[in-house]
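Welcome! Have a look at the structure below, and then let us walk through a few of its helices together.

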Amino acid sequence: MAKTEHYHTKFEYGNFYHIYNRSIDKQPLFKSEANFKFFLKKYNEYLSPVIDTYAYCLLGNHFHILIRIKEEQELPSSKELTINSDSGERSVHNIISHQFKKFFQSYAMAFNKQHQRVGTLFQTPFKRALVTNDAYFTQLIYYIHANPQHHDLIADFRKWQWSSYDSILSDKPSKIRKSEVIKWFGNKQAYENYHDSLQKLCLMIS
């Protein structure tokens, strides 16, 4: 269950956040491979201009993403991204929240039309937790990647197609900040070893 503060955490320039959310009725958010691909396409369209992505995982009825809010000078100058607060001042929290809202609406409209569904698809407000230290950041990358196995969607999370685990190891172009993630762990082998060690530890505990 989400902590209460995760519904109200404010976005600030340069900070890292764990974004997570699920469907309103706990029914599938994705019913086909095309749904997964469309979700990622719309995510990149609406969010990549204002945030950097470090890890993600799309599951049956929910998702997890590790992001960093770009600094003010990194944001596009487009008027579309200039969202004002109630006081009339520019607010990074409103900018990011607005982009997420447009993203959710875009995906939900297409999903509802395809599956002959009506009404809200995502829970609101979406959850976001401030990443407060290095250890949290490191463990969160594993947690996000291991989620499919935790929810018994697959026997080995490394084989889950809809997470960034493999993308980070791949040399193919991607908007994921893969070089920064690999550098954080030291190298690709250290990145894999960390995931392996926590996986073994979890199996021992369970």
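To compare two helices, a line is fitted to the C-alpha atoms of each over the stretch in contact, and the angle between their N-to-C directions can run from 0 to 180 degrees. Keep in mind that this is a predicted model.

Let us begin with a pair of helices. Helix α3 and helix α5 pack with their axes 12 Å apart, at an angle of about 115 degrees. Angles of 65 to 115 degrees count as roughly perpendicular, and α3 and α5 are therefore described that way. Their crossing is left-handed. Which residues make the contact? From α3 come Asp-134, Phe-137, Thr-138 and Ile-141, while α5 brings Val-181, Trp-184 and Phe-185. Sorted by class, five of the residues in this contact are nonpolar, one is polar and one is charged.

Here are the two partners side by side:

| Helix | Residues | Contact residues |
|---|---|---|
| α3 | 134–150 | Asp-134, Phe-137, Thr-138, Ile-141 |
| α5 | 178–185 | Val-181, Trp-184, Phe-185 |

Now turn to helix α2, which covers residues 92–114. This helix has 23 residues and reaches 33 Å from its first C-alpha to its last, close to the 33 Å expected at 1.5 Å a residue. One of the residues in α2 is Asn-112. Is Asn-112 buried or exposed? Its relative accessibility is 9%, so Asn-112 counts as buried, the cut-off being under 20%. Setting aside neighbours within four places in sequence, Asn-112 is in contact with Arg-117, Val-118 and Gly-119. Just after α2, you will also find Gln-116, which takes a positive phi of about 50 degrees.

Definitions and conventions: Residues numbered from 1 in each chain as written. Predicted model: local features only at pLDDT ≥ 70, side-chain atom pairs only at ≥ 80, totals over all residues. Heavy atoms only, no water. Helix = DSSP H or I, 4+ residues; strand = E, 2+ residues; numbered from the N terminus. Parallel < 35°, antiparallel > 145°, perpendicular 65-115°, else oblique. Left-handed = near helix turned anticlockwise from the far one by under 90°. Contact = heavy atoms within 4.5 Å. Nonpolar A, V, L, I, M, F, W, Y, C, P; charged D, E, K, R; others polar. Expected span 1.5 Å × (residues − 1). Buried < 20%, exposed > 50% of the residue type's maximum accessible area, 1.4 Å probe, protein only.
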